[in-house]
Structures are given as C-alpha cells and as structure tokens.
Protein chains: 10
Amino acid sequence: MPEYTTAHAKAGIKARLPALECWPNQYPGYEVMIEIPEFTAVCPRTGLPDFGLVRIRYLPKRWCVELKALKYYVNGYREVGIFQENAVNRILEDFVRAVKPVRAVVTGEFNARGGIKTIVEARYPKRNETSQPQ
Amino acid sequence: MPEYTTAHAKAGIKARLPALECWPNQYPGYEVMIEIPEFTAVCPRTGLPDFGLVRIRYLPKRWCVELKALKYYVNGYREVGIFQENAVNRILEDFVRAVKPVRAVVTGEFNARGGIKTIVEARYPKRNETSQPQ
Amino acid sequence: MPEYTTAHAKAGIKARLPALECWPNQYPGYEVMIEIPEFTAVCPRTGLPDFGLVRIRYLPKRWCVELKALKYYVNGYREVGIFQENAVNRILEDFVRAVKPVRAVVTGEFNARGGIKTIVEARYPKRNETSQPQ
Amino acid sequence: MPEYTTAHAKAGIKARLPALECWPNQYPGYEVMIEIPEFTAVCPRTGLPDFGLVRIRYLPKRWCVELKALKYYVNGYREVGIFQENAVNRILEDFVRAVKPVRAVVTGEFNARGGIKTIVEARYPKRNETSQPQ
Amino acid sequence: MPEYTTAHAKAGIKARLPALECWPNQYPGYEVMIEIPEFTAVCPRTGLPDFGLVRIRYLPKRWCVELKALKYYVNGYREVGIFQENAVNRILEDFVRAVKPVRAVVTGEFNARGGIKTIVEARYPKRNETSQPQ
Amino acid sequence: MPEYTTAHAKAGIKARLPALECWPNQYPGYEVMIEIPEFTAVCPRTGLPDFGLVRIRYLPKRWCVELKALKYYVNGYREVGIFQENAVNRILEDFVRAVKPVRAVVTGEFNARGGIKTIVEARYPKRNETSQPQ
Amino acid sequence: MPEYTTAHAKAGIKARLPALECWPNQYPGYEVMIEIPEFTAVCPRTGLPDFGLVRIRYLPKRWCVELKALKYYVNGYREVGIFQENAVNRILEDFVRAVKPVRAVVTGEFNARGGIKTIVEARYPKRNETSQPQ
Amino acid sequence: MPEYTTAHAKAGIKARLPALECWPNQYPGYEVMIEIPEFTAVCPRTGLPDFGLVRIRYLPKRWCVELKALKYYVNGYREVGIFQENAVNRILEDFVRAVKPVRAVVTGEFNARGGIKTIVEARYPKRNETSQPQ
Amino acid sequence: MPEYTTAHAKAGIKARLPALECWPNQYPGYEVMIEIPEFTAVCPRTGLPDFGLVRIRYLPKRWCVELKALKYYVNGYREVGIFQENAVNRILEDFVRAVKPVRAVVTGEFNARGGIKTIVEARYPKRNETSQPQ
Amino acid sequence: MPEYTTAHAKAGIKARLPALECWPNQYPGYEVMIEIPEFTAVCPRTGLPDFGLVRIRYLPKRWCVELKALKYYVNGYREVGIFQENAVNRILEDFVRAVKPVRAVVTGEFNARGGIKTIVEARYPKRNETSQPQ
C-alpha cells in the first residue's frame, strides 16, 4: 500500500465543489445546528470510501445557509480524495466564506477504519490556545 | 422548484396566531422547562409540512405561561408558511412579550429534510457575542 | 372548563402535609441526591391527577433528611390540588425549613398533559439573576 | 419499626474493615476512575440489606490503590450496619488516609428503598461552600 | 498469587513498540479525537489478559498522527505486561514525543477485573493541580 | 404490619368505578393496543399507593372502546384498595363485558415494592393450560 | 365536549386523498417495510390534531408502491377528520386496492392523548380469528 | 485455590431458608412475572460473594405468592454458599412446593465473574427434551 | 422531476460488479450473519445518492464467502443507479450464485428519503406464500 | 496481501488448547447461558488480531462446565491463527465432547473488519435443514 506523501496530505483541498448559497437572516443573535449524516468521500491513499456524519453549528449574522444548496455541496465530496482532517477544515473554510457567521463549528464523526474511529472538530474564529490547557 | 426570495424569507413572521395567556407567579427565582413535541408548520418555498419538537426554558418574573393557551398557540402554526429559523425566533418574541420572563430560551429541533436535520436556538436577553468565542 | 383564577394560582400552597424529619449528620461538606419517582397531585383547575418525578439534591449542614418521613411527606400530595410550579417551590421551602441545608435544589419532571411536558427547578439560596444572562 | 437514634446515626463508622493497599505511582498528574458495582451493607435501623454502586475518582500522588485489596475492603461492608451517607464518607476517609491522593471523589449510587433512590457524593479536599451557590 | 513488587510497578514502561508516524498538518487550531476499541495487554502480576478502549484527543501543531501506524503501535501491547495506569501514561508520552501536539489527552477505559472497572486519563501539558480543587 | 387476610385478598373486586363506553367499529379483523402509563391504586394491606403501567390489546368486534371514558375508568382506581393481581383481572373482566371484543389481553407492569417488581397479564378467552407446558 | 356520534365514527372514511402509484416489480417473493414518521390528521370530535408513525409491510406481487406518491397520499390526511382506528384501516384498503400485494400489514402508532397512547394494526388478507386464541 | 469437589457441587441445596407464603388466588388462568434485582449468595469454592437478578414467571392455580415473604426468602441466601446453577433450581423447587402453580419459570442472571457472565433458567413442568432440538 | 419509467425500474440489474469469492467450508450445519453498514448507490430517477445497511444471513454448504471480496462487491454499487428493492434482490441472486448456500436472507435497511424509511428483505429459497397469511 | 489457501482455511482447527473441565450436575432439565466478552484470536491470512464476544447456551445432562477452566480455554485462542467461522465450530465441538450436554449453541459476535461485522452460530445436535426453509 502506498505511503503518505505530500500529495496525499494536500489532496482535495482545492477540488471543485458546488457553491453554498444563503438567504437573508431576519433575527439577530441565535444559533443554528445542522446535522448531515450521509457524508462520503474517498481516502486519497487507498482509494477506499470514507463515511461520516458532519455537524455544523453557527451563529448567523446577515445570512442563513440555504439547506438544499448545502446538501448538494456535501454530496459533492462523493468522488473527492481527501483526508478526514482536511475535509472538516475545508467545510469550515467554505462555510465561513459563504455565510459569514459570527462564529461556527464543524464536526466530522467518521466511521471506523481498521477498527479506529476518528472525530475532527474545527471552529471559527480560532481560540488562542497557547496560554490555556484544557 | 421555486428559489428562495425575500418573500419566502419573511413569510409567516406576521401571521395571526392564538394569544398566549398567563397566571400570577407565586414564587421568585426558579426555572420552568416546557417540551412541546408536536410542532408542525409549512415550508414557504415547497408547501411541504415541517415537523419538530419545541422546547421553552424560562425564569418567570411576575407571570407563568398558561399551558393550555400555549398549546393552542403552537397548534396555530399548522397552516402557517414559515422558515424554521424564523418560527423559533418568533415563538421567543411572542413568549417574551406575553410572559415577560427574567430570561428565556426557545429551541426547535426539526425532523430531517433531504437527509439534513436542523436545530435552532434563540435566547432572551441576547448575549454579547462580539468579544467571546465559544 | 373553568379558567385560571387567583384561587387556582394559590391552591395547595398552605395544605397540611406530614412533617419532614432529620437525623444528625456525621460528616461535613458532601452532597446527597434523592430521586422520588412516584409524585402525584391533583390539578386545581380540572381535578385531574398529575404525575411526576421529584429530585432533591442538597448539601447537608447539621441534619440529614430521614427518607421514610420524606416518603410520607411526598405521598401527602396525593389529594392536594396544586399547580406543578407551586408544588416544586413548596417542597423546596418545606425541605429548607426542616433540614436547614447549606444549599438545595428541587426538580419536578411532570408527565405530559395535552402533549406538553413540564420540568420545574427551584434552588436555595437564590442566585442573583439580574446581572447574568445564561 | 425502631426510630432513628444517635446509635443508628453513628453505626458502622468505626467498624473493622480489611486494609487498603498501594503500589508506587510511576507518573505525575493523571486521574484514575474506579467503578465497583457490587457494594452491599445493612441498614442499621431495619437490618435489611442495602445495595449500591460505588465510584472512586482520584488523582494519585505517590501511590496508586491496589485493586484486589480495594475489592476485599468493599466486600468487608457486607455485614456492617451503616447509613448510606456515612458509608460513602467513610470510604473517602479510609481511601485518603491510605492512598494520600492529590484529590479524590467517592460517589455511592444506592438502589431504591421505599421507592426512593439515593446518591451520595463526598470529595477531598473540601470545597469552600460558604460563599458560592451552585 | 504474587504480591505487587517494584518490578510489577515498572513492567512494560520501557518495552519495545512499533513506531508512531505522522503526516504534515494542513490547517491550524482544530481538534482530533481517535477511538481505538481493541486495546489488549497482559497484567504483569497474574499474566492474565487485560482489555480496554483507548481514546486520544489532541490539537495538532505541525503533524497529524498516521492512523495505520497508530493501529500497529496499539497492537504492539498484545504481549506486553504492564499496569493499566502505566499503559495510558506511556501512550501519552509516546504520542507527545512523536506528534508534538499543542495538547493531548489519552483515556483508557478497561474491562472489569474482579468486578472492578477502571478508567485512567492522562493529559499534556499537565494542569497545575496544587491550588485548584475539582 | 397486618397480615394478608381473605378480606385483603378480595378487596376492591366489587368497588364502584366509572363506566366504560364504546363507539361502533367500522372495520373487521384488526387489532388495537392501548398504553395507560398512570395507573395508581392503594395496597389493601398497607394503605400505601401502588403505581403502574396498564396495557390493553384487543381485537374489536362490533365496538371500539372510547378512550376518554377509559381514562376516567382507570383514574377511578386512585382511591381503591386492591391487589395488583386482582386489578389486572378486574380490568379485563370490565373491558370484556363492555366492549365484547373477539379477544383481549390486559397487562399491568407495576413499580417495584420492597425492591420487587411485578407484572401481571390476563387474557380473554382463556387458553387451555392443562396440556401444554410453555 | 361533544359526545361520539355515528357521524364521528364514519368521518373521513370517504375523504378525497391523492392517488397511490406503482412501478413494475422485477423480482418475486420478497418483503418491503416502509416507515412514515410524520402522519397527522384531525380528531373529528375535538378538532385537535393527531400525530403518529405509520408502518407498511408488504409482499409485492406485480407492483411496488411509488414512495413519492405514497408521501403525498399520507400528507393528504393533514386536514382530514378521522378516528385513528379508521385511518389505519383506510390506509390498508387504499394500499391493497392500488398495489395488489400478496399480503400487507399497516400499523399506526399514535402519540398519547390524555395520557393514553394507541397503536392500531390491520392486515390483508384477514386471519380466521374465530377458532384461534392468541 | 481449592478445586471443585462433590461437597462444593452439593453446597447449599439443603440450607435452611425463610418460608414462602401464599394468599388465595381470586381469578383463573393468568400469569405473574416477578423481578428481584438484589439476589446475593456466596461461592462455595472461593467464599466470594455472587450477585444477580432473579425472575420468576408463573401461572397461579389456587395460590398467589406473598411478595414480602418472597423477599425475606431471597434475602435468606445472603450467607449461603451455593453454586449459581443450584440456586436457581432450588428457588424453582421451593416455589413450586409452596405455591403449587400450573407452571413456573425461574431465571437467574448473575454478574460476571472472571469476565464471564452466566444466566440459568429452570422451568416446571419439565419439557420433554429428548426428541426436540432447539 | 422525471417520472418512473420501465428503464428506471430495470436500471442497474445487469450492471458490472466485482466478483464474489469463496473459501472451502470446514464444518456442516451452522449459520453466518454479516453486517455491512456502508452501502451506497444512486437513485436512477433523481441521481441522488442512497445510503443503507445491508445484512446477509446464510447457512453455508461447501463454501464460505470471502469477506474482503464481499466488501469490494458492495463498494461496487457506489456509481450504480438502481432502486433499493432491486439492489437487495440482486445482492441475494449474486450471493446465491457464488456461494451456493443451503439458504440465505439479504436485508437492506435504507436511510429515509422524503421522510420515508424503507427496509427490503429477500430470501432463498422462496417460501410458498400462496396458502399462508402472516 | 496473501490470498486464501487451504492452509488458511484449516488453520487452528487442531491447535492445542487448555482442557475444559466439569462438575456433577445436581438438577435435570434446565438451561445455562454463558457470555464471554473477551475472545481474541489471530487472522491466519493477515496476522492481525480478531476480537469478539462468545456466547454458549446449553442444557446440561450429567455435567456442568467449570467456568474457570472455560475462561482459560477461551484465553488459549490468543495466539492461535484461526478463521472466525472455524473458531465457533471448534468451540462447540470441544464443548460437546467435554460437557456432553443434551444440546448446545455457540455464538461468536466479532468486531467489524474492513467495516464488515460477522456473527457465527453453530448448534448441537444439527437441525435437519434440507426440508425446511427459514
């Protein structure tokens, strides 16, 4: 089986995906949590499919995400080779660029591979982690 | 299928609904949590029904909400076309205007649509979100 | 069905109930949680029975509550017409007067009525709620 | 049935029990949680058996508790008449004396008696409870 | 059965294990949680097998752990005699040395032995525990 | 505590209760299951309340049971002293007399007393039990 | 509140509903189970909404039910006043007429009303129930 | 550790236990299920305590078992050394002799020992097992 | 959205898929159950992905299915447009042809689409369904 | 990765394992169920560990299985390369030879490999499977 290379580590980060869309938010200062249980992508090293559950939690500012477009965006990963860690971070980046929320958290909970289950969580804005242990 | 328009984004925010009623609170400084599992409204874009569970948590001041009137108020959404995000925010606004609590949180947990499940949470008074990441 | 009146709002607050008893606490600074799943009272408006689960969490000072007397005290609500919000607040008041704890929380989790489930939580001493949103 | 007396309130606090043993800890600054689901003692008032689940959470300093000795220590309560509140506090005292941890919490979750379930939690060192409501 | 000795208390801490490997992290400031349900080692006192679930939660800096190498590393404990407390601390040490995360927590949840279940949790960097009760 | 006597064994079997009512069934050959989670009666020996969940499963012939009348019938046991075994058998007898189903099963699942939980199940028509072990 | 009348008992049995559709089955002798969690209709006596979960299990002969048409058919009950027992029997009749299965079972599991939960189950073809107790 | 001997295999089968009592059954042909979650006895080989959950299901003829006496009977095993298989069979024998049911099943579900959990089930009357595989 | 056509109803039934492989069975007369939670295919009408859990239960004769080949076979559906009912029946046909079991059952439990969840179950050999209602 | 060969298919079937032991059964005609959650063996093709839960259900004749010996027998598979299907069948054969039960069933529920979970069930005596579909 091929080893991890830099190409693997960067795979899928720039892949083309359907656009996220928005509608104008009507209320200030509330929170929305979205659960998408049918994420699937491809492992760039082995070519085998990955499956997972993606959760997005955000505090809208001027825009709310349009759910149908979000679904097509997530379906767009079906043929993309990308590491699980990168997929979660890219979803957050794309979401923040399109929806411009006050804050957002994306979590990917992936099915076990080789008996090992992985959960990845990224948030915007970043916490200052240098001074503060858990 | 029609696209999101401003009309959709504002639909139902001003629809007529049964009035909320109160009875005089007898004790200071406690909390009430109410769970209403049978919320249903209509999607303003597709005309298809939405279903959800609404939770209200509040700290009463001079009034407690009357549960039978609350039930008729929630039943009143059955024919209303309104987005899920807006329904939760409107329930909070109507509740705060009628019951005048110290504080309140309304949560709507909606059944999946297109494989995507949504939870919306609004609170009164608003937190100051500009300075404080999660 | 009769409407809510002031008589309903105050019903049961002064009803006679069996006394709570104590035994001398032997250790400082620990916490006790008690779960009583068989609370039942009567709705003062409709005359229909209410059912619920009562939880008491307290930090004893000089006394521990005697569990058999507590059970008879809770059984005493069986014929009492009282609103759920008032029952929880009264249990807390009676408990604090008899057991004199450092602090205490009483929670009542009531079965759904008209499809609406209610949870009430009261605590001693009261928090200062004016300055601090949730 | 006999009433609570001071003798009941102090029963079992000085009963002889098997000794706890330790082995030398090899790492600093981590936490151990132990779950012992088969605690049984006797109610000093009624002579009826009590059953419960005991949890110990501690941060070791120089010593780790030896699990086989801990099991014999807990089995030692089988014939001891002692109130549930006292049993949990005594387990904490014996544990702290033998293992000398940085900190420790003992929780006893007891099966329902007369339809009432009790959980007792004691911790070392004590929190300062006078200034700080929950 | 042999008693605990210093040899037992240090067993396995220096045992040879497969190396952990990394790939270059592409995003700053997110968290990864890994669940490995098939940990097994040997008790150094009794020679009997131990089974457990190991969880690793970390915030990557320059490197992400390679999951296949992590699996072989964990499988490497199969023949190693080591106490559960030491296994968790050693996994943390090996992980921190190889992956150099901002922070990391390792938890081992072990199957009951003699009716006693144990959970061990170690974290990097260490909290300052002297001033702060739980 | 008083011992079991014949009076206790027959208590409540003839107590007056609200009448069951019916409406005319419109379809042949189907089954209805009803779950009533708030049954409460009184133990004729100790005077203490019993709580339970009653299930009725029946195959209607000419009549369906009216649910509101069924609720008042079940509420009618609140002050009745009756053993759990007798309550379930009486509910079945009253139900069969009023609704005249093709067949019916009544199950009562009662909360634990003295740490002992009881379930009673009676059916109409009776099976021939003499020849057939379970 | 109005009493049950013959009009109530027959309400909704002939109401107009969207048509069920089929596609040609490709394989013999297998079974399909369909779960529709968002059934809602109206009680013909009180005008209040009913909510429930409908399950259809069938063994197709020449046709399979088209799921999108089935969804619109079930949505069609939203404004129909009909008893729960009748709704389940009517769904079975409509399904058997449209899909012509070898056999079929329809189950409706309705949310509690007045604290009483109801499940109704109808099947095609009917069993011969006269000779065979459960 | 001592090996199994004939003395171990027969231990406790004749131990003295509190008597079971009955009250006169009032209805024919129904079933009673009793759940006793706090069984404890002693292993005759190791002297260590065993814990378990005992279930009794029976079809009463002339007598119903008195639950308080049943509880004292089960508590009587606390000091008895007896194998789990024998305890379940003896409970069935004692129950059948005292209550004379049409039929009865006793199940003992014991906590794991050495990581091995055991369930034992005995029934009266015996099935003819020679001709019929499961 | 396009309507169901005969082309849709037959789509994917003849699609090329990886071959199933076997190894020689060593024991007679036992049963194997296999659970594959990551089935995904495409709806031939809408082009949207379907997700599901496939279970295979079989009684081997001369061959056991090779699990790695089975996994590649199931992964092969990823790009195939096929109705859920047909996918389950085709998996059964392919399995029976390759493994030649005494008997086999294939079940597909698919994620909800439009709020409707579907389970399909096919078995070999077919039961004679003409004479026997459920 | 090496392919399946006849050597793999027969691996471990004759491996040496610790002996099973018995004690003399005291009662006729009852059933024992044993659950062993910590089975581990090695895949003969890949050398990777397998993990599983083994259940044994049997009806003793003259002997009961000795649980401590059973535990050592199961631990004995730790270094044995054997397919999951063969391990379950061999456990049944060894058990029947040692304990000579009226009947027995062995079930192995193995952790997922490659996302595929397997359960194997073998029974003694064999059913006649030629005439009877499930």
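How much area is buried between chain A and chain E, and what percentage of it do carbon and sulfur atoms give? The area buried between these two chains is about 2,600 Å², and carbon and sulfur atoms give 56% of it. Buried area is the accessible area (1.4 Å probe) that two parts lose on being put together, summed over both.

## Basis of the report

This is a predicted model, in which local features need pLDDT of at least 70 and side-chain atom pairs count only at pLDDT 80 or more, while totals for chains, interfaces and linings use all residues. Residues are numbered from 1 along each chain as its sequence is written, chains are lettered from A and ligands numbered from 1 in the order in which they are written, and side-chain values use heavy atoms, with hydrogens and water left out.

## The interface of chain A and chain E

In this interface, 28 residues of chain A are in contact with 29 residues of chain E; contact means heavy atoms within 4.5 Å. The rule finds 1 salt bridge across the interface, and the side chains of Arg45(A) and Glu66(E) meet in a salt bridge at 3.3 Å, N to O. A salt bridge here is a side-chain nitrogen of Lys or Arg within 4 Å of a carboxyl oxygen of Asp or Glu. There are also 7 residue pairs in polar contact between the two chains, both residues at pLDDT 80 or more. A polar contact is a pair of N or O atoms within 3.5 Å; within protein, one must be able to donate a hydrogen and the other to accept it, and residues adjacent in sequence count only if both atoms are side-chain atoms.

On the side of chain A that touches chain E, the elements giving two or more residues are helix H1 (6-10), helix H3 (84-99) and strand E6 (116-124) of chain A. Helices (H or I, at least four residues) and strands (E, at least two) are DSSP runs, numbered from the N terminus. The largest share of that side, 7 residues, comes from E6(A). By residue class, the side divides into 10 nonpolar, 7 polar and 11 charged residues. Ala, Val, Leu, Ile, Met, Phe, Trp, Tyr, Cys and Pro count as nonpolar, Asp, Glu, Lys and Arg as charged, and the others, Gly among them, as polar.

E6(A) also pairs with strand E2 (residues 30-42) of chain E, in the antiparallel sense and over 6 bridges. Two strands pair if DSSP finds at least two bridges between them. In this pairing, Lys117(A) stands opposite Glu35(E) in E2(E).

## How the two copies are related

Copies are superposed by least squares on the C-alpha atoms of residues with pLDDT of at least 70 in both. Only 4% of the interface residues of chain A are also interface residues in chain E, so the copies meet through different surfaces.

## The interface of chain G and chain F

Between chain G and chain F, about 2,600 Å² is buried, 56% of it on carbon and sulfur atoms. Here 28 residues of chain G are in contact with 29 residues of chain F. The side chains of Arg45(G) and Glu66(F) meet in a salt bridge (3.3 Å, N to O). Strand E2 (residues 30-42) of chain F and E6(G) run antiparallel and are joined by 6 bridges, with Tyr30(F) opposite Ala122(G) in E6(G).

Chain G is laid on chain F by a turn of 72 degrees and a shift of 0.0 Å along the axis, with an RMSD of 0.0 Å.

## Chains that do not touch

Chain A and chain J do not touch, and their nearest C-alpha atoms are 6 Å apart. Chain F and chain J are joined by no contact either, with closest C-alpha atoms 13 Å apart.

## Features within chains

Over all chains, the structure holds 110 salt bridges. One of them links the side chains of Glu31(B) and Arg103(B) at 3.3 Å, N to O. Glu31(B) lies in strand E2 (residues 30-42) of chain B and Arg103(B) in strand E5 (residues 103-113) of chain B, so the pair ties together parts that are 72 residues apart in sequence.

Tyr124(D) and Pro125(D) are joined by a cis peptide bond, with omega about -5 degrees. Pro125(D) is placed in the segment after strand E6 (116-124) of chain D. In chain A, Lys100(A) has a positive phi of about 50 degrees although it is not a glycine. Lys100(A) is found in the loop between H3 and strand E5 (103-113) of chain A.
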